[in-house]
Amino acid sequence: MMMSRGYTRLASSMFTMVSPRFFSTAATRGVLSNDMVKAPAVGLGVRCRSSMAAIGVGDKEQEEKQAVGGGGGSAKDDKEIVSYWGLDPTKVSKEDGSPWKWTCFRPWDTYRADLSIDLKKHHAPVTVLDKMAYWTVKSLRWPTDLFFQRRYGCRAMMLETVAAVPGMVGGMLLHCKSLRRFEHSGGWIKALLEEAENERMHLMTFMEVSDPRWYERALVFAVQGVFFNAYFLGYIISPKFAHRVVGYLEEEAIHSYTEFLKELDNGNIENVPAPPIAIDYWRLPPNSTLRDVVLAVRADEAHHRDVNHFASDIHYQGRQLKEAPAPLGYH
């Protein structure tokens with residue numbers, strides 16, 4: 001008993017001397033009240049514990065009590081994620097004052113699609129690289145038509161898993177180039193990442209109206225793995241070729257969504273109500289339908305077509321992307 005009390009006093013005194021250097025007041029309180037009394041012989045090892053572990057010991061019981069008995073609601077509704085670092089979730093509301101429920105995008109990321117854009121614009125391939133890019137994309141369309149046939153919902157979902165890759169790869173490589181050369185990118189890093197995020201939001205939207213089968217999900221893994229690495233190498237070797245490929249991919253996407261609209265108009269695909277995520281992202285009227293969503297997505301693809309053909313043209317003129325201001329916010 002005497003030995004135990006001696007160890008307790010020794011550990012307490014040593015912890016008092018070192019704790020101000022390594023722990024906040026709240027963390028020290030939590031460790032002293034729980035660890036030092038119950039396990040005095042382990043007091044010397046407290047120095048190596050993380051701040052999250054220390055605060056978790058002292059405040060876990062209090063958080064559980066608040067979650068169960070506080071506010072008059074259920075434990076699941078009242079319990080929130082508590083961060084030691086003070087990163088509280090930002091409360092965002094719509095223009096009408098109602099709470100904003102999406103965390104993947106915010107009100108300032110939303111926009112109204114420009115449906116007046118010319119959908120028939122086409123870059124006629126002239127150079128050898130252009131023809132290679134054009135026929136590469138055309139060759140990819142045949143297996144896609146064979147696999148999906150008239151299932152345009154699943155086709156759109158698969159298309160977006162691929163279409164979201166080039167912007168991310170191009171933005172990443174330009175980001176690394178900017179760091180290596182200590183230079184600005186002319187806004188092209190942000191423009192390409194915006195494109196990738198926009199394509200990903202297309203996928204999130206179509207996931208609400210289409211349920212991919214297991215083999216389609218497996219196909220996404222295979223196609224994305226091959227396409228990511230192929231585009232990565234292609235962009236390193238020839239950015240003008242890579243952007244031209246994406247420009248032609250977007251032209252094919254416009255064609256696919258036009259066929260999607262025809263199927264909706266003919267009644268072959270049910271024109272269901274638009275998903276809530278699409279209504280908020282494109283600022284659509286509350287009574288919008290799937291057809292309105294497809295129109296907005298097709299307009300986005302037309303804008304991406306213009307951006308990538310423009311980027312390829314800049315390289316063809318022997319210039320760098322940074323020399324031409326990027327079309328930021330071009331929707």
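In this predicted model, Arg-283 is partly exposed, with a relative accessible area of 37%, a value that falls between the limit of 20% for buried residues and that of 50% for exposed ones. Arg-283 is found in the loop between helix 10, which covers residues 276-281, and helix 11, which covers residues 290-316. The backbone of Arg-283 has a positive phi of about 55°, although the residue is not a glycine. A positive phi is also found at Phe-182, likewise a residue other than glycine, where the angle is near 55°. Phe-182 lies in the loop that joins helix 6 (152-181) to helix 7 (188-206), and Phe-182 counts as exposed because its relative accessibility is 79%, with the cut-off for that class set at over 50%.

Of its 331 residues, 40% count as buried, while the chain exposes about 19,700 Å², of which carbon and sulfur atoms supply 60%.

Helix 8 comprises residues 214-237, and Trp-214 lies within it. Trp-214 is exposed, with a relative accessible area of 69%, and together with Phe-147 and Tyr-215 this residue makes a nonpolar surface patch of about 360 Å².

Ser-238 lies in the loop between helix 8 and helix 9, the latter covering residues 239-265. In contrast to Trp-214, which is exposed, Ser-238 is buried, with a relative accessible area of 12%, a value below the limit of 20%. The C-alpha atom of Ser-238 is separated by 9.4 Å from that of Leu-129, although the two residues are 109 positions apart along the chain.

Two packed helices are described by the angle between their axes and by the distance between those axes. The axes of helix 8 and helix 9 come within 5 Å and cross at roughly 135°, which means that helix 8 is oblique to helix 9, since an angle would have to be over 145 degrees to count as roughly antiparallel. On the side of helix 8, the residues that meet helix 9 are Phe-227, Tyr-231, Gly-234, Tyr-235 and Ile-237, and their counterparts in helix 9 are Pro-239, Ala-242, His-243, Val-246 and Leu-249.

Definitions and conventions: Residues numbered from 1 in each chain as written. Predicted model: local features only at pLDDT ≥ 70, side-chain atom pairs only at ≥ 80, totals over all residues. Heavy atoms only, no water. Patch = residues over 30% accessible without salt bridge, like charges linked within 9 Å, V, L, I, M, F, W, Y side chains within 5 Å. Areas by Shrake-Rupley, 256 points an atom, 1.4 Å probe, with all protein chains shown as cover. Salt bridge = Lys/Arg side-chain N within 4 Å of Asp/Glu carboxyl O. Helix = DSSP H or I, 4+ residues; strand = E, 2+ residues; numbered from the N terminus. Buried < 20%, exposed > 50% of the residue type's maximum accessible area, 1.4 Å probe, protein only. Axes fitted to C-alpha atoms, helices over the stretch in contact; angles between N-to-C directions. Parallel < 35°, antiparallel > 145°, perpendicular 65-115°, else oblique. Contact = heavy atoms within 4.5 Å.
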